[in-house]
Amino acid sequence: ALKERRRRHGAVHTETAYSLSDYGEILLARDDLDGAEPLLAELVEVRERIQPLDEWRLASARQLYGRCLARLERYAEAESQLLKACETLAHHPEALPSAATGARTGILALYAAWDQAEPGQSIAARAERWQTKFPAEQ
């Protein structure tokens, strides 16, 4: 489906973004992080070109990519993506609940893993702000 959408619509199109998201999310669920990472990075790039920077669909792409980066132990990169996603999704009650939940659980999991990887740095304390639910999750 991704090849067909790229052929039909081009690399920078909403339909292509949907396929990148779907395929990347499937690979992420299967723990194929090396396969998911380039697709999710491309997804963020595509969404950045076709969506306003504060749009929830871009934030949803960022949360997927951030969760993948966190699992690859690329913590600083993951934090950047997840914080942007959290900031945007916290102000968009119209966003899909799964995007808001993914961003919030992603940032919490990131800080827990990062704190464990680098003890004594008080990284887990950064999670406090994101303990409550976003409007889209309520």
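Helices here are DSSP runs of at least four residues, numbered from the N terminus. With that in hand, welcome to this structure, which is a predicted model. Helix H2 spans residues 14–29, and Ser21 is one of its residues. From there the briefing moves to a pair of packed helices, H5 and H6, then to salt bridges, of which the structure holds 10, and finally to Glu55 in the loop between H3 and H4.

**A serine in helix H2**

- Ser21 sits within helix H2, and its relative accessible area is 17%.
- Because buried means under 20% relative accessible area, Ser21 counts as buried.
- Leaving aside residues up to four places away in sequence, Ser21 touches Leu43 and Leu64.

**How H5 and H6 pack**

- Helix H5 covers residues 75–89 and helix H6 covers residues 97–117; their axes lie 9 Å apart, at an angle of about 150 degrees.
- Angles over 145 degrees count as roughly antiparallel, and H5 and H6 are therefore roughly antiparallel to each other.
- The crossing in which H5 passes H6 is left-handed.
- On the H5 side, the residues that meet H6 include Tyr75, Glu79, Leu82, Cys86 and Leu89.
- On the H6 side, the residues that meet H5 include Arg104, Gly106, Ile107, Tyr111 and Trp114.
- Sorted by class, this contact of H5 with H6 has 17 nonpolar residues, along with one polar and two charged residues.

**Salt bridges around Arg74**

- Arg74 and Glu37 meet through their side chains in a salt bridge, at 3.7 Å from N to O.
- Arg74 lies in the loop between helix H4 (56–71) and H5, while Glu37 belongs to helix H3 (residues 33–50), so this pair ties together parts that are 37 residues apart in sequence.
- The relative accessibility of Arg74 is 29%, so this arginine counts as partly exposed.
- Glu37, at 17% relative accessibility, counts as buried.
- Arg74 also forms a salt bridge with Glu77, where the closest N and O atoms are 2.8 Å apart.
- Glu77 has 38% relative accessibility and counts as partly exposed.

- Arg126 lies in the segment after H6 and Glu79 lies in helix H5, so the pair ties together parts that are 47 residues apart in sequence.
- Glu79 counts as buried at 14% relative accessibility, and Arg126 counts as partly exposed at 36%.

**A glutamate between H3 and H4**

- Glu55 is found in the loop between H3 and H4.
- With a relative accessible area of 14%, Glu55 is buried.
- Glu55 and His91 are 36 residues apart along the chain, and their C-alpha atoms are separated by 9.9 Å.

Technical notes
Residues numbered from 1 in each chain as written. Predicted model: local features only at pLDDT ≥ 70, side-chain atom pairs only at ≥ 80, totals over all residues. Heavy atoms only, no water. Helix = DSSP H or I, 4+ residues; strand = E, 2+ residues; numbered from the N terminus. Buried < 20%, exposed > 50% of the residue type's maximum accessible area, 1.4 Å probe, protein only. Contact = heavy atoms within 4.5 Å. Axes fitted to C-alpha atoms, helices over the stretch in contact; angles between N-to-C directions. Parallel < 35°, antiparallel > 145°, perpendicular 65-115°, else oblique. Left-handed = near helix turned anticlockwise from the far one by under 90°. Nonpolar A, V, L, I, M, F, W, Y, C, P; charged D, E, K, R; others polar. Salt bridge = Lys/Arg side-chain N within 4 Å of Asp/Glu carboxyl O.
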